[in-house]
There are 2 protein chains.
Amino acid sequence: MISGVLLDLAGVIYDGKAAVPGATGAVARLREAGLPVRFISNTTRSPKQAVLDQLDKLGLPVTDGELFTPAHAACEWLRQHHRSPHLLVHPDLVRDFHDLADSEGLAVIVGDAGEAFDYPALNNAFRALIAGAEFVALAPNRTFKDADGKLSLDAGPFVTALEFASQRDAIVLGKPAPAFFLSALASMNCPPSQAVMIGDDAETDVAGALAAGLGQALLVRTGKYRPGDEDRFKPPPTATVDDIAAAIDWIVATRRSEATQPLL
Amino acid sequence: MISGVLLDLAGVIYDGKAAVPGATGAVARLREAGLPVRFISNTTRSPKQAVLDQLDKLGLPVTDGELFTPAHAACEWLRQHHRSPHLLVHPDLVRDFHDLADSEGLAVIVGDAGEAFDYPALNNAFRALIAGAEFVALAPNRTFKDADGKLSLDAGPFVTALEFASQRDAIVLGKPAPAFFLSALASMNCPPSQAVMIGDDAETDVAGALAAGLGQALLVRTGKYRPGDEDRFKPPPTATVDDIAAAIDWIVATRRSEATQPLL
């Protein structure tokens with residue numbers, strides 16, 4: 001029985017600044033069906049409030065508690081571990097890190113810094129790591145679909161570079177970290193086996209969700225999707241569909257068939 | 001029987017702009033002993049002529065044919081494979097890539113670009129790779145000892161970043177590529193089993209040389225060496241010694257004991 005839905009944002013709900021066609025209506029149908037929804041994004045170029053504002057502009061109001069971002073998870077992590085952040089993130093994301101003065105040491109926090117990924121910043125982060133700082137990655141994504149429609153380097157390659165140089169493994173807080181999926185599900189009281197994840201990243205969204213124990217994960221052919229992605233990572237998607245509207249059709253149809261099946 | 005010696009440069013012969021104490025005399029002793037020597041460097045921030053000029057200034061004249069650099073190997077590779085270079089290298093190294101017009105396509109060439117490793121340059125290289133360009137790394141070194149005495153990011157982390165993003169493996173041309181060691185040995189007609197490599201990088205110099213079939217590899221405690229390096233990579237060094245002078249002492253003593261042993 002499907003009883004909760006997790007939605008990726010970039011490449012699923014919007015593409016650049018525009019909504020993916022049918023996305024607003026599709027989310028409205030989910031809400032009308034009474035299915036709880038959470039939005040779970042690895043995008044780390046914008047602060048949380050800017051993401052909420054963008055969704056609002058698209059006619060898709062989302063509350064603060066419905067949106068899960070890696071920066072929010074990182075602030076929780078920093079507080080729990082009493083660390084100050086050494087930020088290697090996009091300048092716009094810095095505002096999401098505040099009130100973190102209580103500190104027993106540093107943690108290097110790597111997000112998708114974009115143009116801020118330059119040699120001095122990367123080298124400073126490397127030096128902090130070999131001096132003993134903790135190592136936290138907001139997201140391990142390889143690529144994202146850039147404003148020009150082409151793929152560009154996401155945070156993952158830079159996390160990997162620092163891992164290789166420091167010979168240490170980063171703690172990943174965004175997708176595909178199981179805790180990230182599970183905290184979103186916990187907030188709507190949805191058991192993982194009854195949840196569906198919808199994303200355009202076959203690796204972090206889909207394979208990540210299934211590895212975390214979610215019952216289903218749908219891959220959409222929008223955003224960064226490239227033909228063959230459904231076969232590139234394991235576990236493979238439960239289904240691959242054209243877009244968010246088709247994904248919601250799939251969920252509605254699956255729930256209907258579940259409802260009409262006799263209980264065993 | 002030792003019949004040839006390969007010497008790393010940065011961290012072994014010189015440290016920054018100054019010679020490692022005893023280095024000039026040590027190389028002179030090798031030459032006096034009639035042992036052929038080749039210099040084999042993964043440094044890719046300077047063109048070959050600048051390296052030769054620097055050695056000359058230190059009172060250590062080396063001929064063009066005695067110095068092996070990854071850029072030289074890359075030019076050979078580009079000619080053999082009829083590719084034009086898409087360079088992601090230090091601006092000073094560009095002059096080592098010329099007369100390469102004959103082309104059946106591109107090859108991304110990654111060296112230690114230093115400050116030229118910025119987001120746009122890395123992203124352009126990534127896009128060339130996913131568009132089908134060949135992928136060549138001059139060197140996979142993790143770190144080097146920088147002018148301020150601290151470790152800094154070398155080319156390897158950036159090669160790894162591009163490998164992770166493109167999901168492809170780079171062809172490595174510098175150390176520890178066996179062909180790089182073997183071409184230097186071939187130029188002095190020295191069988192690998194009779195060769196000694198001396199370096200400060202336990203991974204690319206020492207483990208790399210031994211994996212390529214060299215008989216011995218000595219790790220020096222100068223340059224980028226950090227305590228424990230001798231145990232960090234496999235195979236471990238034949239011996240770990242204080243510096244180049246101690247390494248030459250080791251070679252002279254080993255040859256003497258070999259010469260006095262009865263033939264079996």
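The same surface serves both, since 100% of the contact residues of chain B recur in chain A (two residues are in contact if their C-beta atoms, placed from the backbone, lie within 7 Å).

This is a predicted model, in which local features need pLDDT of at least 70 and side-chain atom pairs count only at pLDDT 80 or more, while totals for chains, interfaces and linings use all residues. Residues are numbered from 1 along each chain as its sequence is written, and chains are lettered from A in the order in which they are written.

The contact takes 24 residues from chain B and 24 residues from chain A. On the side of chain B that touches chain A, the elements giving two or more residues are α4 (119–130), β10 (151–153) and α5 (155–166) of chain B (helices are DSSP runs of H or I with at least four residues, strands runs of E with at least two, numbered from the N terminus). The largest share, eight residues, comes from α5(B).

Within chain B, helix α1 (residues 23–32) has Ala23(B), Ala26(B) and Val27(B) buried (20 or more other C-beta atoms, placed from the backbone, lie within 10 Å of the residue's own). Seen down the axis of α1(B), the buried residues fall within an arc of 95 degrees, so they line one face of the helix (the arc is that of the directions from the helix axis to the C-beta atoms). These buried residues pack against β2 (14–15), β3 (18–19), β4 (37–40) and α8 (244–260) of chain B. Just after α1(B), Gly34(B) takes a positive phi of about 75 degrees.

Conventions:
Buried ≥ 20, exposed ≤ 12 C-beta atoms within 10 Å, placed from the backbone.
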